[in-house]
Every structure is written in structure tokens, then in C-alpha cells.
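Here's a protein model to explore.

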Amino acid sequence: MEVLKYTFFSALTAYLVWSFARSVDWPKVAQALKQANYWWIGLSMLVGWVAILVRAQRWRILIEPLNYRPSLKNTYDAVMLTYLANFALPRMGEVVRCGALRKSEKIPFDSLLGTVVLERIFDVFCLLVIVVSVIFMRMETFGAFMYDKIWQPLMEKSGGSFSKWLLIAAIIGFAGLTLIIVFRKRLLKIGLIRKTVKLFSGLIDGLKAGFRLKKYKQFFAYTLLLWLLYFMQSYTIMKSMPETQGLFMADALFLMVVGSFGWVMPVQGGLGAFHYMVSLALVGIYAVDAGMADAFAIISHESQSVVMIFFGFISLIAISLKFKVYKVQSSK
């Protein structure tokens with residue numbers, strides 16, 4: 001199953017990258033790379049790294065109600081592995097970071113997974129609030145782009161069957177839940193079912209931790225800082241090219257939202273999807289030359305990818321060395 005999943009997502013990523021790459025005017029991209037201001041690019045990379053550090057600190061606050069206090073170093077290394085692993089298989093990073101912190105801090109994996117789910121739910125809510133704000137900020141441009149270029153094509157590709165499949169999924173889910181309740185005693189005799197129930201029980205404990213937050217003010221402060229850093233990351237990279245440096249803060253916020261859609265797509269590291277979304281926005285709204293828009297998307301994505309991969313490998317090496325020391329000490 002894992003092999004099929006990896007093959008599918010790799011094929012999807014390869015298709016998106018190929019689809020984007022074949023339409024790129026590479027001489028213009030080379031020209032844009034020569035004209036780019038690398039001081040702004042470097043600043044954007046630094047801001048991106050700080051955002052990862054802030055995310056690690058915020059995760060520590062979510063974990064504390066579970067009666068564990070992981071170190072910032074171990075939490076940071078685990079979060080860094082999230083981004084590195086997502087370049088191998090989308091969404092695998094969340095599992096990897098929980099596994100890494102479980103080994104280094106002896107925290108139950110299922111409880112950690114619950115805190116990650118809670119963190120993601122909160123981030124999705126924040127993103128939706130920002131999306132709505134951006135749309136209403138400039139309804140005639142941003143709102144029209146979201147509807148014409150994102151929502152409408154999605155509905156057309158689904159052939160109007162989205163609501164039908166949603167209804168079918170709801171019926172199957174209800175029927176499955178009913179069967180589980182009726183035959184729960186028999187099902188619990190199966191080892192795999194017992195392990196699954198235990199996993200969900202720990203996951204729920206992790207979710208409940210959010211309601212026992214003692215440092216909720218710090219949590220919201222770090223969340224605000226995190227999204228401010230994401231905005232600054234978008235703003236600084238926007239300043240790195242002549243074609244975009246004259247845009248305003250509202251435009252940086254819009255590009256941040258569009259880029260976020262690309263990053264969350266189920267492909268390795270947002271490859272292809274991010275480039276397509278950002279380039280489409282620059283051409284469609286700001287009438288930026290297609291070649292320069294592609295160059296901006298490449299600079300924006302690859303600069304952050306370098307940060308994620310470089311520091312991700314450093315964290316991977318640090319964790320590997322730490323585990324080797326633990327094994328040597330335990331064997332004595």
C-alpha cells in the first residue's frame with residue numbers, strides 16, 4: 001500500500017513539474033535570476049527558518065498539557081524532519097516528526113499525533129480567515145481570481161459530482177459507524193482492531209490537550225507571530241524582483257495565500273503545484289510577463305526548499321547521532 005501511495009504521489013508530482021517546466025521560458029528565468037536581489041532572497045530564507053523555530057516552540061506549548069516538557073532542540077529537530085520527509089512523501093512528515101519526538105522524549109506517539117492534528121486544524125482555520133479577509137479586501141480582483149481560477153475549475157473537473165460523492169461518503173460513514181457500534185465486542189477481540197482503538201484513544205487525548213492549555217495566551221501569540229513571519233516571507237521575496245517589488249502589502253498577503261494552496265497540495269514539497277498557482281496569479285492579476293512570473297515562482301519555492309532540505313538534513317544527522325549515543329550507553 002505504501003509503495004502504491006508513494007508511486008502515485010511521485011507520478012503526480014512528476015506530471016505537475018513536467019507540465020510547469022515545459023511552459024517555462026528558461027532564458028527569461030535565467031535573466032530574472034541575474035536581476036534578482038539576493039539580499040532580499042536571503043532575508044526571506046532567514047524569515048522562513050525563524051518561522052520553523054516558532055512552529056516548534058508553539059508545538060511545545062501544545063504538548064505540555066500531556067505532562068511532558070520536551071526540549072526546544074528536540075522539538076525543533078522533529079519539526080525540521082517534517083519538511084524534509086514531505087519532499088519524499090506528502091503528509092508523511094507529520095508521522096515522522098511524532099516518531100522522532102517519541103524516541104527522543106519518550107512521549108506516546110498517538111498523543112503526539114493528536115496534538116499535530118489539533119495544530120493543523122487551527123492552522124487551517126487561520127488560513128481560511130486570511131483567505132476570506134483577502135477576498136473581501138479586493139473582491140473585484142482577488143475574489144474574482146479565487147472563483148474563476150480555483151473554485152470554478154475545481155467544480156468543472158468534478159463534473160458537478162462533488163456533492164454526490166460527499167453524500168455517498170456520508171452514508172458509508174454512517175453505515176460503518178453503526179456496524180462498529182453493534183459488533184464492537186467482537187471487533188475488539190481482533191488484535192489489529194485493538195491497536196487501532198488504542199491509537200485513536202491516544203490521538204483523542206492529544207486533541208483534548210488543546211482544551212487544557214495553561215499557556216493559551218502564548219499559544220495565540222506564537223500563532224500570530226507565525227503567520228506574520230509567513231507574510232514577511234512573502235513580502236521579502238516579492239521585493240527581490242523588479243517586476244514585483246512595486247507591489248503592496250495586500251499583494252504580498254494574497255501571494256502568501258496562493259502559495260499556501262500550492263504547499264498543501266498532496267505532492268512532494270509543493271513541487272509544480274506551488275509554481276503553477278503563484279505564476280497564474282502574477283500573470284492573471286498583475287499582468288506580469290509569464291517568463292518573469294515563472295521565475296518568481298521558482299525563486300520563491302526553491303529558496304524555501306533549500307532551507308527545509310539543508311536544515312532538515314542537519315536535524316536528521318543530529319537525531320541519528322543522538323540515537324547512536326543512546327544505544328552505546330544502553331549497551332554498557
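## A pocket, a core and a histidine

Keep in mind that this model is predicted. Let's start with the second largest pocket, where α3 (38–63), α4 (72–86), α6 (109–137), α11 (216–238), α12 (249–264), α13 and α14 (290–331) each supply at least two residues of the lining. Which helix gives the most to that lining? That's α12, with six residues.

| Class of lining residue | Number in the second largest pocket |
|---|---|
| Nonpolar | 21 residues |
| Polar | twelve residues |

Now for the largest nonpolar core, which has 73 residues. W59, L255, M256, L282 and F296 have the most contacts inside that core. Let's pick out W59. Skip its neighbours within four places in sequence, and W59 still touches T75, A78, V79, R97, L101, L112, T115, V116 and E119.

Finally, find H275, which sits in helix α13 (residues 273–286). Is H275 buried or exposed? With a relative accessible area of 4%, H275 counts as buried because that value is under the 20% cut-off. The side chain of H275 makes a polar contact of 2.9 Å with the side chain of E302. H275 and D294 are 19 residues apart along the chain, and their C-alpha atoms are separated by 6.9 Å.

Key. Residues numbered from 1 in each chain as written. Predicted model: local features only at pLDDT ≥ 70, side-chain atom pairs only at ≥ 80, totals over all residues. Heavy atoms only, no water. Core = buried A, V, L, I, M, F, W, Y, C linked by side-chain atoms within 4.5 Å. Buried < 20%, exposed > 50% of the residue type's maximum accessible area, 1.4 Å probe, protein only. Contact = heavy atoms within 4.5 Å. Helix = DSSP H or I, 4+ residues; strand = E, 2+ residues; numbered from the N terminus. Polar contact = N/O pair within 3.5 Å; in protein donor to acceptor, adjacent residues only side chain to side chain. Nonpolar A, V, L, I, M, F, W, Y, C, P; charged D, E, K, R; others polar.
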